[in-house]
Amino acid sequence: MSFYEQNVILFSIIPVLGFIINFFFKLLKKDYSKIVYKFFVFVQFISGLYIFYQFPSNPIIIKLSIFNDYAPVFEISSIRLIFLMLYMLMIFFLFFTKKYKNSFEDKISIMIFQAFLCGCSGLIFSKDMFSYFVYYELMILCSYILITSNKKYFAALKYMIFNSISSMFFLAGIGYNYYSTGSLLIDPEIINNKIAIMFFLIAFLIKGGFFPASSWVPTCHSGAGNIFSGCLSSYAISTGVLGLYRFVALPSIAHNYTSFMELIKIISVVTILLSSFLLFLEKNLKKALTHSTVYVMGVCGILLGSGEKSLVFIYLIIHCFYKMFLFILLFDIDFSENNTFLHVRSTSNVFWLFSLAVLIAAGIFPSFTYFAKMSFDNYFSGIKILWYVSMFLILAGFFKFKFIKSSKFKMKDKKIFFMGSAYSIPVFLFAAKKITFLGLILKKIIAIIVAGGVKGFISKLILSIIAVQNIEWLKIHDYFYVDIIILIVAYFLSYSIYMKYIRYNRFLNSLINNNLNMELFLILVLSSFCFNYIYFGL
Amino acid sequence: MIYAMFFVAIYGFIISNNLIKKIMCLNIIQSLVILSFMLAAHSKGTVAPVISDIVEKYADPLPHSLMITAVVVGVCFNCIALSIIVKLYYKKKTVLVNKLKGV
C-alpha cells in the first residue's frame with residue numbers, strides 16, 4: 001500500500017487521535033484540549049491538501065482485506081474530492097475563527113467534537129455501505145450530545161428521532177440490497193434493487209431535510225451553538241445530498257429508473273417553496289438561516305434530479321462558504337426570538353458582510369448561486385417562476401431584519417476586501433462577455449444596500465423586488481413587466497393565503513409550528529407516496 | 001408476526017405523546033429491522049455459523065456481525081435519548097410532546 005493510500009485511510013482517524021490524547025490530558029490539571037484540537041485540525045487539513053495535490057487521474061479503490069467486499073473499502077474519485085473540498089472548507093473556518101471558544105466551553109465538548117469530525121471525514125472516502133452507516137451514526141450521535149451542551153434538549157431529541165428513523169430506513173435498504181446482490185459495495189452497478197433504492201431515497205430525504213421532514217432542521221440547527229450550527233448547516237446536512245447522489249441518483253441512472261429522479265424533483269420543488277415561504281415569515285434570525293439551508297437542499301435536489309451532478313457539489317461548496325460565514329457573523333449580532341430588530345455588537349463590518357452573504361444565499365446575480373440556477377432552464381416548465389418567487393421570498397425574508405446600530409463602511413478592511421473579491425469573481429467572468437452589464441450590477445447592489453438601510457417593511461419589500469428584478473435588466477426582454485407582476489402577485493397571494501388559511505388551519509399550522517406527531521405522520525405518508533409513485537405512477 | 005409488530009410500533013410512534021413511549025416504539029422498530037436481517041440470513045437447512053465437521057450448510061455470518069454494530073449504535077442511541085429525556089424532565093417537569101413546544 002502506497003503512502004498516498006495510507007493517507008486516505010488515516011484521514012478520518014486523525015481527529016480520533018486528538019480525541020485519545022485529549023482523553024489522557026483530561027487527567028491533568030492544565031487544559032491543553034484546545035491546543036490539541038487545533039493541532040489535529042491543522043494536521044488533517046495538511047493531510048487533505050496532500051490528497052488533493054497527489055490526486056491520480058484514475059479513481060483508486062483501497063481494500064483493507066483480502067475478503068474484498070466484507071471489509072472496509074475506500075475510494076478516491078473526482079466527486080469524492082469535491083466533497084473533501086467541502087469538508088476542508090469547514091475545517092478551514094474552524095481553524096481560523098477565534099469564536100470557537102464560545103461554542104465549545106469544556107474539554108468534553110471539544111473531545112466529542114473531534115469524534116464528530118471523524119464521522120464527517122469518514123463519509124467522504126468510504127465505499128462500503130456499512131462503514132458509511134457507522135460513520136454516519138458516529139457523526140449524528142456526537143451531534144446530539146453537542147446540541148445538548150447548549151441546553152437545547154428538545155432540539156437534540158427531535159434531531160435524534162428524525163435521524164434514527166432515517167437510519168432505520170437506511171439499514172433496511174442495506175439489508176434489501178445485500179440479499180438481492182450479495183454485496184455491500186456502494187457501486188451504481190451493484191445497487192439495482194428498486195425497493196432498496198426506495199429505502200435509501202426516504203432515508204436520505206429525511207437526513208437532507210427535504211419536505212415533509214424539513215421542520216427538524218430549523219429547530220435542531222438553531223438549537224446548537226453558532227459554530228456547531230454552521231458545521232451542521234454547511235456540512236452535516238449536505239451528507240444527505242451526498243447520500244442521494246451515491247445511493248439513489250447514480251444507481252437509477254445506471255439502471256434507467258427515471259421515476260426516482262422525477263420523485264426527487266417533485267419533493268425538491270415543494271421543499272423550495274415551503275422553506276422560502278417559512279423564511280419569509282420567520283422572526284428568529286438563526287432559524288431564518290436554517291430555513292435557507294433547507295432551501296439550498298431543495299435546489300440541490302432539483303439539480304440532482306436533472307442530472308447536473310457536478311453543479312450540485314459546487315453549489316454545496318459555495319453554500320458551505322457563505323453559511324459558515326453567516327453563522328460566525330451571528331456572534332456579533334444580538335437577536336431575540338420574536339423580534340426582527342438586530343443589534344450589531346462590536347464590529348463595524350457586520351451589516352455589509354451580512355448583506356453580501358445574504359445576496360449569495362438568495363442567489364442574486366452575480367453570485368455563483370444565480371448562475372447555477374439560471375444556466376439551465378430545461379429542468380421543467382415554470383422553473384424560472386419558482387426561482388424568482390423563492391429568491392424574492394428569501395431576500396424579503398432577510399431584509400425584514402433591521403440593523404439598529406450600523407457603523408461606517410471601511411473600504412480598507414481586509415475582510416470586506418476578501419468578501420468583495422470572492423463575490424466579484426463571477427462578475428469578471430460574466431463581464432468578459434458583456435461589459436455593459438457592470439453599471440446594472442452597481443444599480444442592484446445600491447438597491448440591496450438601501451433595502452438593508454431604510455426603515456419600514458413595505459419599502460424593504462419594494463426594494464427587494466427591485467433587487468430581484470435587476471437580474472432581468474441584464475436581458476431586457478419583452479416580458480420584463482410580466483415578471484414584476486408575477487412577483488407582486490406571488491407575494492400578495494402567499495401572504496393572503498397565510499393570513500386566511502394557514503394561520504388558523506390546524507393541519508397547516510402544525511407544519512410551521514413544529515408539531516412532532518404530525519411531522520412523523522407526514523413521513524409515513526411520504527414513504528407510502530414514494531412506494532406508490534415508483535410502482536404505480538401518479 | 002414481524003409485520004404486525006412493525007405496524008403496532010409505527011402506530012405507537014406516531015400517536016404517542018409521551019417521549020419515553022416514542023423511544024420505546026423506536027426501539028421496537030429497530031429490533032424488528034435487525035430481526036428481519038437475521039431471519040433473512042437463515043435459509044432452510046442451515047445452522048448457526050460455528051465451524052464443525054458434522055454440519056455442511058452454514059447460515060451467512062456477515063449479517064450477524066453487521067447487526068452487532070447496529071445493536072451497539074442502538075444502545076448508544078437509547079442511552080443518549082433517555083439521558084436527554086431525564087434532563088428535559090428536570091427542566092420542564094414533563095415528557096409530553098404537546099407541552100414541550102418551543103423548548
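## Contacts in chain B

Let's start with how chain B is held in contact with itself: 43% of its contacts with a separation of 6 or more are between residues 24 or more positions apart, a contact being heavy atoms within 4.5 Å. This is a predicted model, in which local features need pLDDT of at least 70 and side-chain atom pairs count only at pLDDT 80 or more, while totals for chains, interfaces and linings use all residues. Residues are numbered from 1 along each chain, chains are lettered from A, and side-chain values use heavy atoms, without hydrogens and water.

## Elements and outline of chain B

Chain B has 3 helices and 0 strands (DSSP runs of H or I with at least four residues, and of E with at least two, numbered from the N terminus). Its radius of gyration, taken over C-alpha atoms, is 19 Å, well over the 13 Å that the globule rule gives for 103 residues, so chain B is more spread out than a compact globule. That rule is 2.2 Å times the number of residues to the power 0.38. Along the principal axes, the C-alpha atoms fill a box of roughly 60 × 25 × 15 Å.

## Inside and outside

Of the 103 residues in chain B, 40% are buried (under 20% relative accessible area; exposed is over 50%, partly exposed in between, with a 1.4 Å probe and protein chains only). The accessible surface of chain B is about 6300 Å², and carbon and sulfur atoms hold 70% of that surface (Shrake-Rupley method, 1.4 Å probe).

## A residue in chain A

Over in chain A, A:Phe24 sits in helix H2. A:Phe24 counts as exposed, at 52% relative accessibility.
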